[in-house]
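Hello,

Here is the structure I said I would pass on. Please look through it first; my notes follow below.

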Amino acid sequence: MKHIWKGILAVIGAVLMINCQNEDYLQDGGTHNPYYSGTVLDYITQHPDKHYFSELTDIVHYAGLDSVLQNEEITFFAPTDWSIDMSVDYLNYQLYWRLGQDSIKDLHQIRPEVWKEYLSMYIVPGKYCLKDIPQLDTASVSAYPGGAYYSLAKVPMNMGVVYYDAGNVKYAGARQILYSYVYDFTTMDMVNAYVSSCDIQPDNGVVHVIRFIDHYFGFDRDRLLESVVNAGILPLDQIRRDSTETIQDKKEG
């Protein structure tokens, strides 16, 4: 059933991919209310559609990043469960067919320090709404390169706002945030993640939701694969045993 829902969401994603380009997300005083009463963690935890952030919330807890999303002022480029699943599917294909290893059946088999490293790439200290982010023109990067920012993981990332054309007028159209993992800033060789919904403002920062139909969690799936393999994949029976013990401890407490 989960995969059926994700298939439906993929179709919806084709429509939602322009959400951040709509006027409501670009102008102050529009019909869209960008403010959320609660923290960044509250926003992803209490999102009404559990197919968006349930796995994300789980790995945030598992990676020990709750306090960051709860207490620090941050800009969070939120990857959806769809992006996480796409990366795990890729990992499993490579693990089984190329490396001859068992596939990952539980997200907790990936060590928490790996999740923390890659989740932290999506977190930038400070609050950056669309209006605060410099222009990026992917066809003229030397003129409009966006801006370089350090993520929580101390990885240099690039943030930029693409200004689309309208009525044959350059840069007069809708705007969309791109968040990018950069291989080389001198050549601007980077992997772009497009934001579908932007400027959601909880009490301790801002959330930009990454378009899920074409983004692999971790940006570079092969780099993620290398990190997962090098750290070692936890046995499934150990994960199930730990989960059972945790549930038992909660009951006894």
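Strand β7 covers residues 205–210 and is mostly covered, with six of its six residues buried.

Before going on, some notes on the source. This is a predicted model, in which local features need pLDDT of at least 70 and side-chain atom pairs count only at pLDDT 80 or more, while totals for chains, interfaces and linings use all residues. Residues are numbered from 1 along each chain as its sequence is written, and side-chain values use heavy atoms, with hydrogens and water left out.

**The sheet**

Strand β7 belongs to an open sheet of seven strands with mixed pairing, in the order β2-β1-β7-β6-β5-β4-β3. Strands here are DSSP runs (E, at least two residues), as helices are (H or I, at least four), numbered from the N terminus; two strands pair if DSSP finds at least two bridges between them. The edge strands, each pairing on one side only, are β2 (123–125) and β3 (147–150). On average, neighbouring strands of this sheet are turned by 30° against each other, direction ignored.

- β1 (residues 74–78) pairs with β7 in the parallel sense over five bridges, and I74 stands opposite G205 of β7.
- β6 and β7 run antiparallel and are joined by three bridges; I200 has V207 in β7 as its bridge partner. A hairpin of four residues leads from β6 to β7.
- β5 (residues 175–184) and β6 (residues 189–200) pair in the antiparallel sense over six bridges, and Y181 has V191 in β6 as its bridge partner.

**A helix pair**

Helix α3 (residues 50–63) packs against helix α6 (residues 112–119) at an angle of about 115°, with the axes 8 Å apart. The two are therefore roughly perpendicular (65 to 115 degrees; under 35 is roughly parallel, over 145 roughly antiparallel, the rest oblique). Axes are lines fitted to C-alpha atoms, for helices over the stretch in contact, and angles run from 0 to 180 degrees between N-to-C directions. The contact (heavy atoms within 4.5 Å) is made by L56, I59, V60, Y62 and A63 of α3 and P112, W115, K116 and L119 of α6.

Regards

Note on methods:
Buried < 20%, exposed > 50% of the residue type's maximum accessible area, 1.4 Å probe, protein only.
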